[in-house]
Amino acid sequence: METLKIAAIPGDGIGPEVIAEGIKVLEKAAQLDGRVQFEFTYFPWGCEYYLEHGRMMDQDGIDQLKKFDAIYLGAVGYPGVPDHISLWDLLLRIRKSFDQYVNIRPIQLLNGAPCPLKNGSKQKIDMLFIRENSEGEYSGAGDWLFKGKPEEVVLQTGVFSRKGTERIIRYAFETAKESGKTVTSISKANALNYSMVFWDEVFEEVSKEYPEIQTYSYLVDAAAMHMITDPERFEVVVTSNLFGDILTDLGAALAGGMGLAAGANINPEREYPSMFEPVHGSAPDIAGKGIANPLAAVWSASQMFDFFGYNDLGEKLLQAIEKLLEENEVLTPDLGGNASTSEVGDRVTEILCELI
Ligand code: NAD
Ligand code: IPM
Ligand code: MN
């Protein structure tokens with residue numbers, strides 16, 4: 001039996017609440033299946049840790065994490081610690097240190113999930129966002145000039161390297177090749193006259209290597225509109241770090257809300273551990289109430305199974321989520337129910353027992 005060593009970083013706010021359910025589901029699925037088992041090690045890193053120790057994670061935290069097969073993270077950021085400190089010192093540090101340059105975020109409307117669109121359906125809303133996750137607008141490079149003075153100017157630089165741009169676009173094409181889907185690039189070359197012109201050129205170049213794949217290219221503003229009016233046109237979507245961040249929250253809204261939005265931060269070369277985490281944040285407005293929807297965390301766990309080659313188990317987890325939504329009985333308040341976070345986790349594991 002294979003043993004997978006997972007670093008669990010529950011983090012802040014609802015992070016620990018949803019990660020507890022995700023781990024419950026992962027362990028149940030593994031136990032029912034019998035081919036794999038998990039060994040979880042918990043790291044208490046986050047904003048509380050920062051208030052006590054003056055840092056978000058141990059100084060050698062990245063070295064500690066290197067030993068693991070994967071990382072399962074809840075959410076980072078909480079009032080009391082400035083967001084740019086908490087996120088750059090933990091979540092973004094991990095993504096960058098482990099070169100998790102592919103952020104895979106499915107925007108897939110499951111049966112039973114609420115959709116704000118009049119004609120929204122499972123057939124129409126089925127996208128796979130491949131978000132560049134290592135550079136671009138999140139280069140972290142910038143400068144503050146004349147801080148606090150009337151002349152104050154702040155610069156923040158976007159960095160788009162050939163290596164970084166090419167590899168994310170190629171990853172999108174390889175993904176589409178496997179599934180026979182189209183690839184859409186979302187950029188903004190009309191206004192960002194260096195970085196996005198370059199992005200478009202690289203997209204054009206790489207697309208020539210895949211003549212059998214149909215491609216589309218949209219400006220980000222128009223793409224946001226099309227995602228609402230005609231979501232069907234998007235299949236595999238590749239975009240920059242910031243555009244991917246914004247559009248995947250929009251996509252989450254199309255596919256049932258933040259409580260159902262899953263993500264995987266992948267280092268495809270497997271030189272470093274990859275990280276699985278829901279798209280949502282720490283949700284301070286509902287934290288501690290036991291009503292956070294754990295399904296995004298469970299869906300991210302399903303992506304973890306896929307990553308390790310247990311695609312059948314990943315699929316079973318997704319089926320269990322869909323069955324729970326279709327039953328329409330045990331749902332958290334964001335989906336119109338009155339169940340608690342752990343009741344939803346329990347029901348998913350019960351359904352899994354019927355499926356595996
Ligand atoms: P958020 O995603 O935490 O919350 C946005 C809204 O969605 C809130 O109304 C919240 O209640 C709701 N929501 C989110 N997840 C939910 C769930 N599982 N079930 C039910 N409702 C859910 O975004 P925010 O409020 O902008 O950010 C809060 C904090 O989280 C900030 O510090 C932010 O920087 C951080 N953040 C972290 C991550 C991450 O760790 N990956 C992602 C986004 C935001
Ligand atoms: C996400 C989050 C992060 C991002 C923040 C918290 C830095 O919004 O994972 O979508 O922008 O990548
Ligand atoms: Mn985001």
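Reader: How far apart do the C-alpha centres of domain 1 and domain 2 lie?
Author: In this predicted model, the C-alpha centres of domain 1 and domain 2 are 24 Å apart.

Reader: Which residues belong to each domain?
Author: Domain 1 covers 1-104 + 261-356, and domain 2 covers 115-255.

Reader: How many residues does each domain give to the contact?
Author: Domain 1 supplies 14 residues to the contact and domain 2 supplies 15.

Reader: And which elements give two or more residues to the side of domain 1 that touches domain 2?
Author: These are α4 (83-97) and β4 (102-108). Of that side of domain 1, α4 gives the most, with 4 residues.

Reader: You mentioned Leu317. What does Leu317 touch?
Author: Leaving aside residues up to four places away in sequence, Leu317 touches Val25, Ala29, Val298, Ala301, Ser302 and Phe305.

Reader: Where do Val25 and Ala29 sit, and what does their helix meet there?
Author: Val25 and Ala29 are in α1. Together with Asp33 of that helix, they meet Leu313, Lys316 and Leu317 in α10.

Reader: At what angle do α1 and α10 pack?
Author: Helix α1 (residues 15-33) and helix α10 (residues 311-327) pack at an angle of about 125°, and their axes are 11 Å apart.

Reader: What about α1 and α11: at what angle do their axes cross?
Author: The axes of α1 and helix α11 (residues 341-355) cross at roughly 15° and come within 9 Å. Angles under 35 degrees count as roughly parallel, and α1 and α11 are therefore roughly parallel to each other.

Reader: Is that crossing left-handed or right-handed?
Author: The crossing of α1 and α11 is right-handed.

Reader: Which residues meet there?
Author: On the α1 side, they are Glu17, Val18, Glu21, Lys24, Val25, Lys28, Ala29 and Leu32. On the α11 side, they include Thr341, Ser342, Val344, Gly345 and Val348, as well as Thr349, Leu352 and Cys353.

Note on methods: Residues numbered from 1 in each chain as written. Chains lettered and ligands numbered in written order. Predicted model: local features only at pLDDT ≥ 70, side-chain atom pairs only at ≥ 80, totals over all residues. Contact = placed C-beta atoms within 7 Å. Axes fitted to C-alpha atoms, helices over the stretch in contact; angles between N-to-C directions. Parallel < 35°, antiparallel > 145°, perpendicular 65-115°, else oblique. Left-handed = near helix turned anticlockwise from the far one by under 90°. Domains from an automatic or database assignment.
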